[in-house]
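Colleague: Thanks for sitting down with me. Could we walk through this model together, one question at a time?

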Amino acid sequence: MILDPYDISDEEIMRKEFDDYELPAHDKHSINEIRKKIDANGYNALEEIESHQEFLEDMCNRLRTILRNERSIGEANWELERQIDDIKALYFELERLKKTKVKKK
């Protein structure tokens with residue numbers, strides 16, 4: 001029996017599209033590198049901190065869009081919500097670091 005690829009319901013397409021979204025490996029690697037740099041007190045330039053904050057903000061906005069789309073089809077993704085919270089926390093760590101750097105100048 002040959003299956004018709006066009007004989008798939010919209011619900012099945014949506015589930016395949018949004019089910020089990022996970023951060024790509026390169027994004028996870030970038031987050032880990034930012035954490036390592038914070039822990040090593042490796043930030044010397046405000047521009048680098050701001051650049052990494054912008055990167056995290058863009059990533060968070062992308063993930064929020066995915067989460068919103070998943071919710072629109074009735075899917076809950078707690079892992080994605082946790083990842084968004086972790087990214088926001090890292091963003092605010094950079095913000096505290098930036099304020100410390102500005103005060104030293």
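Modeller: Happy to! One term to begin with: a residue is called buried when its relative accessible area is under 20%. Please keep in mind that this is a predicted model.

Colleague: With that cut-off, what percentage of the residues of the protein chain count as buried?
Modeller: The protein chain has 105 residues. Taking under 20% relative accessible area as the test, the share that counts as buried is 27%.

Colleague: What pattern does the protein chain follow along the sequence?
Modeller: Start with the elements: there are 4 helices and 0 strands. Read along the sequence, they give the pattern α-α-α-α.

Colleague: Why does the distance between the end C-alpha atoms of H4 agree with its number of residues?
Modeller: Helix H4 covers residues 78–104, which makes 27 residues.

Colleague: Which helices do the buried residues of H4 pack against?
Modeller: Those buried residues include Leu-80, Ile-84, Ile-87, Leu-90 and Leu-94, and also charged ones such as Glu-95 and Lys-98. Their packing partners are helix H2 (25–39) and helix H3 (46–72).

Colleague: How many nonpolar residues does the contact of H2 with H4 have?
Modeller: The two helices pack at about 35 degrees with axes 11 Å apart, in a left-handed crossing. From H2, Ile-31, Ile-34, Arg-35 and Ile-38 meet Asp-86, Ile-87, Leu-90, Glu-93 and Leu-94 of H4. By class there are no polar and 3 charged residues, and the nonpolar ones number 6.

Colleague: And at what angle do the axes of H2 and H3 cross?
Modeller: On the H2 side, Asp-27, Ser-30, Ile-31, Ile-34 and Lys-37 meet H3 residues, among them His-52, Phe-55 and Met-59. This contact has 5 nonpolar, 2 polar and 4 charged residues. H2 passes H3 in a left-handed crossing; the axes come within 12 Å, and the angle is roughly 145 degrees.

Colleague: Last one: among contacts between residues at least 6 apart in sequence, what percentage join residues at least 24 apart?
Modeller: Contact here means heavy atoms within 4.5 Å. Among the contacts you describe, the share is 74%.

Conventions:
Residues are numbered from 1 along each chain as its sequence is written. This is a predicted model: local features need pLDDT of at least 70, side-chain atom pairs count only at pLDDT 80 or more; totals for chains, interfaces and linings use all residues. Side-chain values use heavy atoms; hydrogens and water are left out. The expected span of a helix is 1.5 Å times one less than its number of residues. Buried means under 20% relative accessible area, exposed over 50%, partly exposed in between (1.4 Å probe, protein chains only). Axes are lines fitted to C-alpha atoms, for helices over the stretch in contact, and angles run from 0 to 180 degrees between N-to-C directions. A crossing is left-handed if the near helix is turned anticlockwise from the far one by less than a right angle, and right-handed if clockwise.
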